[in-house]
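Have a look at the chain and its ligand first, then read on.

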Amino acid sequence: MRVKKNISVEEAIVHFNKQRADVLEVTDEANKFVGYFTLDSLQIAIQKGDLAGEIENYVANDVHLSSSIIDEDVIRNEKVMNEYEYLLNKNYLKILNSLHDGVYITDQHGFTVFVNRAYERITGLNANEFIGVHMNEIINKGYISKSISLEVIKQKKPVTMMQKIINDRKIIVTGTPIYSSEGNIIFIINSVRDITELLKLKHELDGLHYWSNSDEVNSALQSDININELELYVSSPETKKLFELAERVAKTDVKVLLQGETGVGKSLIARFIHEKSDRNKEVFLELNCGAIPANLIEAELFGYEPGAFTGASKYGKKGLLEQADGGTLFLDEIGDLPLELQVKLLKVVEENRYMRIGSTVVQEVDVRILSASHKDLKKLVRNGKFREDLFYRLNIVPIHVPPLRNRKQEIIPLLQRFLERFNEKYNANKRFTIECLEYLTKHSWPGNIRELINIVERLVVTTIEDEITIYHLPEEYRNVFLANNHNGEEMTLKEAVEQFENNLIKETLTKYKTTRKVAEALGVSQSSIVQKLKRINVDQ
Ligand SMILES: Nc1ncnc2c1ncn2[C@@H]1O[C@H](COP(=O)(O)OP(=O)(O)OP(=O)(O)O)[C@@H](O)[C@H]1O
């Protein structure tokens, strides 16, 4: 048998199987003989784990049949050996067991002949239970949704299909018929790949290694902080550093300005600073300068004397500064503070003094002021909307909290942690599929962690099935994803898998005509096929 030098080692295995050969003659592009690819060469390639490599790298000048991994007796007696014994030749098993991909071999009737170790690893199933058992029985027992071997026997050609197995894993199986010299199918060799594993690899390549490296996730998560009812998830070394910095400044009374988009956790960090400071026995008060009308902020902050202005209480009112004496006052959205109040606040910040509205008495306070803004305060200073002196007074230690889309490696751990939290709260047992997690890492999360918490709670409450898939995500999440990805960028693996899935469904529909039969063929529920067809705008 002659093969080209640039075919892969994996392809060579197929030739060995097909031809019952133990040596392949290798030629170059011009069909000129360059050497032999032997079973010895194959063993070397497998030991190197180089199944995708070209066979050219393993070409030998001559053949030592004595070192062939096929027993010479087997070759001599080939004619009288039955197919089963031939395949189960010990050395063949060694090769098949050293492959990383799963291999499942059946005979021409659909009885299981061989299952390699990788198949057991990928599926979690025990090979011993299958040997000698017919595929129909394995389906009936619910181990697998569909037999690719039986499909190959029916169609008499290679078949690739997605298969669902008992523990909800999904695998991609390619079944290839192997023919005898008389042209009859003698075996079906199924090579098996785990979609989950492929996606995990992709995560690793993308730097989303927290997903695949659970030790790293655990060690990052072990430092989660629980302090006075605050539950802080520390899902990356960067966030850990952020909290370490916050803890360091907490020990002093310096002013801290937290900057970052809405929902990134600025208030939470302010609270954390208070809890870690010596003031933690006193109050922590918060004023959102953007949430109340400008004329009320002054009264809220400084308080007023009885009847100080029309509509004022006749008893007067203590301002937040007074109430927070000894503790911490957190001024959120400080960029929204009107300019005239900024002057008054500057006095508090510089001298720890202020006056109630309608009073001439100067009050002394001991308040630690922390502030935050999602607006760029420097820019506001440049545009004359924020006082420069106040900016520098408040910004002794700046802490910038990055948006979630810039700390992608945290998305999956946070999703999982909040899922746990809401599973507990609603006594549920939901889980995300890896495709769904993959999808959510693509989302731009304009509302940051607040948005993430909301969507997880919503999904836990609204999803009927235990498994949360991409199809359960609200429409806007999927639209955002599509809008971000139709601009001719290279395809991600997830997109490629999705495209593959779409095509497979369309092809199967053309063939089987009804969604029930498509669902049967692809080993998924009919409702899932209907949903998917809707998504890809195909009329059934
Ligand atoms: N590391 C974290 N661990 C757990 N929960 C977090 C974490 N960071 C933020 N959150 C939660 O996310 C939500 C939003 O956080 P927070 O209110 O602190 O954001 P913010 O930046 O102050 O937003 P805004 O600018 O809109 O006030 C809160 O429920 C908070 O508890």
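Where is lysine 156 found? Lysine 156 sits in the loop between helix H8 (148-155) and strand E6 (159-164), where helices (H or I, at least four residues) and strands (E, at least two) are DSSP runs numbered from the N terminus.

This is a predicted model, so to speak of local features pLDDT of at least 70 is needed, side-chain atom pairs count only at pLDDT 80 or more, and totals for chains, interfaces and linings use all residues. Residues are numbered from 1 along each chain as its sequence is written.

**The chain overall**

- The protein chain has 25 helices and 21 strands.
- Of its 540 residues, 31% are buried; a residue is buried if 20 or more other C-beta atoms lie within 10 Å of its own, exposed if 12 or fewer, and partly exposed in between, with C-beta atoms placed from the backbone.
- Take the contacts in the protein chain between residues at least 6 apart in sequence: 60% of them join residues at least 24 apart. Two residues are in contact if their C-beta atoms, placed from the backbone, lie within 7 Å.

**Around the ligand**

- There are 16 residues around the ligand, and Tyr233, Thr262, Gly265, Lys266 and Ser267 come nearest. A residue is near a molecule or strand if its C-beta atom, placed from the backbone, lies within 6 Å of it.
- Strand E10 (230-232), helix H13 (266-276) and helix H21 (448-462) each supply at least two residues of that shell.
- By type, the shell divides into six nonpolar, six polar and four charged residues. Here Ala, Val, Leu, Ile, Met, Phe, Trp, Tyr, Cys and Pro count as nonpolar, Asp, Glu, Lys and Arg as charged, and the others, Gly among them, as polar.

**The three-stranded sheet**

- E1, E2 and E3 form an open sheet in the order E1-E2-E3, with mixed pairing. Two strands pair if DSSP finds at least two bridges between them.
- E1 and E3 stand at the edges with a single partner strand each, so one side of each has no neighbour in the sheet.
- Neighbouring strands of this sheet are turned by 40 degrees against each other on average, direction ignored. Axes are lines fitted to C-alpha atoms, for helices over the stretch in contact, and angles run from 0 to 180 degrees between N-to-C directions.
- Strand E1 (residues 2-4) runs parallel to strand E2 (residues 23-27), joined by three bridges; the bridge partner of arginine 2 in E2 is glutamate 25.
- On to the other pair: E2 and strand E3 (residues 33-38) run antiparallel and are joined by five bridges, with leucine 24 opposite phenylalanine 37 in E3.
- E2 and E3 make a hairpin with five residues between them, and asparagine 31 in the turn has a positive phi of about 70 degrees.

- Five strands form an open sheet in the order E5-E4-E8-E7-E6, with antiparallel pairing.
- Its edge strands are strand E5 (112-115) and E6, and each pairs on one side only.
- Neighbouring strands here are turned by 25 degrees against each other on average, direction ignored.
- Three bridges hold strand E4 (residues 102-107) and E5 in an antiparallel pair, and isoleucine 105 stands opposite phenylalanine 114 in E5.
- H8 packs on this sheet, touching E4, E6, strand E7 (170-179) and strand E8 (185-194), and its direction makes about 155 degrees with that of E6.
- Ile148, Ser149, Val152 and Ile153 are buried in H8. Down the helix axis, the buried residues of H8 fall within an arc of 145 degrees, so they line one face of the helix; the arc is that of the directions from the helix axis to the C-beta atoms.
- Those buried residues pack against E4, helix H7 (135-140), E6, E7 and E8, while the face of H8 turned away from its buried side carries the exposed residues Lys154 and Gln155.

**Positive phi in loops**

- Most residues other than glycine have a negative phi.
- Just after H8, lysine 156 takes a positive phi of about 55 degrees; lysine 156 is exposed, with 10 other C-beta atoms within 10 Å.
- Asparagine 427 lies in the loop between helix H19 (411-425) and strand E20 (431-432). Its phi is near 50 degrees, a positive value in a residue other than glycine, and asparagine 427 is exposed, with 6 other C-beta atoms within 10 Å.
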